[in-house]
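Please follow this walk through a single chain, taken from its overall division down to individual side chains.

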Amino acid sequence: MSVIYRGVVSAVDKVVPAKLQPLWSHPAGPKTIFFWAPAFKWGLVIAGIGDLSRPADKISLPQTCALSATGLVWARYSLVIIPKNWSLFSVNVFVAITGLYQLSRAVRYQQSLKAEEAVKA
């Protein structure tokens, strides 16, 4: 597979405009996994945004905590590695934000259930 990828990259190298060469040849540019991993990770952000319409009682607290923590940890990591990977940082910030928002919805729902039980008692 890497032979095919290298062939595609070398073919595209010839047609990339001079203005885009710095981006194309960047250590975290499209020629590397450092570009493609964050690009595909935006799918998690899109899924998180899609879950905003999900009822709060259907949100998994462990899964949401894990997703939020993953976003925060990888956002930090993306700034300490060399080269700094700003696209990885941005996608992980958004993963953390969507996860933390869902987490707040789930926690508020759990608290409202406890408040209802206290009123009934």
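A residue is called buried when its relative accessible area is under 20%, exposed when that value is over 50%, and partly exposed in between. Trp86, with a relative accessible area of 53%, is therefore exposed. The model is a predicted one, and every value quoted below should be read with that in mind.

At the level of the whole chain, the domain assignment gives domain 1, covering 1-26, and domain 2, covering 32-120. The centres of domain 1 and domain 2, taken over C-alpha atoms, are separated by 33 Å. Ser90 itself belongs to helix α5, which spans residues 86-120, and because its relative accessible area is 26%, Ser90 falls in the partly exposed class.

Another aromatic pair, that of Trp86 and Phe89, is edge-to-face, with a centre-to-centre distance of 5.8 Å and 80° between the planes. Here both partners, Trp86 and Phe89, lie in helix α5, three residues apart, which is about one turn of the helix. Phe89 has a relative accessibility of 25%, and therefore counts as partly exposed, while Trp86 is exposed.

In the loop between α4 (61-80) and α5 lies Asn85. With a relative accessibility of 3%, Asn85 is well under the cut-off of 20% and so counts as buried. Its side chain is joined to that of Ser87 by a polar contact of 2.9 Å. When neighbours within four places in sequence are left aside, Asn85 is in contact with Ala28, Phe34, Pro38 and Ser78.

What, then, of the charged side chains, and which of them meet in a salt bridge? Side chains of opposite charge can pair when their charged atoms come close. In the whole structure, a search finds one salt bridge, in which the side chains of Asp51 and Arg54 meet at 3.5 Å, N to O. Asp51 has a relative accessible area of 28% and is therefore partly exposed, and Arg54, at 37% relative accessibility, also counts as partly exposed.

Lys41, in helix α3, presents a separate case. Lys41 is buried yet has no salt bridge, and the nearest side chain of opposite charge, that of Asp51, is 15 Å away. A salt bridge requires a side-chain nitrogen of Lys or Arg within 4 Å of a carboxyl oxygen of Asp or Glu. Lys41 does have a polar partner, because a polar contact of 2.6 Å joins its side chain to that of Asn92. Beyond its neighbours within four places in sequence, Lys41 is in contact with Thr70, Trp74, Val91, Asn92 and Val95.

Technical notes:
Residues are numbered from 1 along each chain as its sequence is written. This is a predicted model: local features need pLDDT of at least 70, side-chain atom pairs count only at pLDDT 80 or more; totals for chains, interfaces and linings use all residues. Side-chain values use heavy atoms; hydrogens and water are left out. Helices (H or I, at least four residues) and strands (E, at least two) are DSSP runs, numbered from the N terminus. Buried means under 20% relative accessible area, exposed over 50%, partly exposed in between (1.4 Å probe, protein chains only). Rings of Phe, Tyr and Trp (its six-membered ring) pair if their centres lie within 6.5 Å; planes under 30 degrees apart count as stacked, over 60 as edge-to-face and the rest as tilted. Domain bounds come from an automatic or database domain assignment. A polar contact is a pair of N or O atoms within 3.5 Å; within protein, one must be able to donate a hydrogen and the other to accept it, and residues adjacent in sequence count only if both atoms are side-chain atoms. Contact means heavy atoms within 4.5 Å. Lys and Arg count as positive and Asp and Glu as negative; His and the chain ends are not counted.
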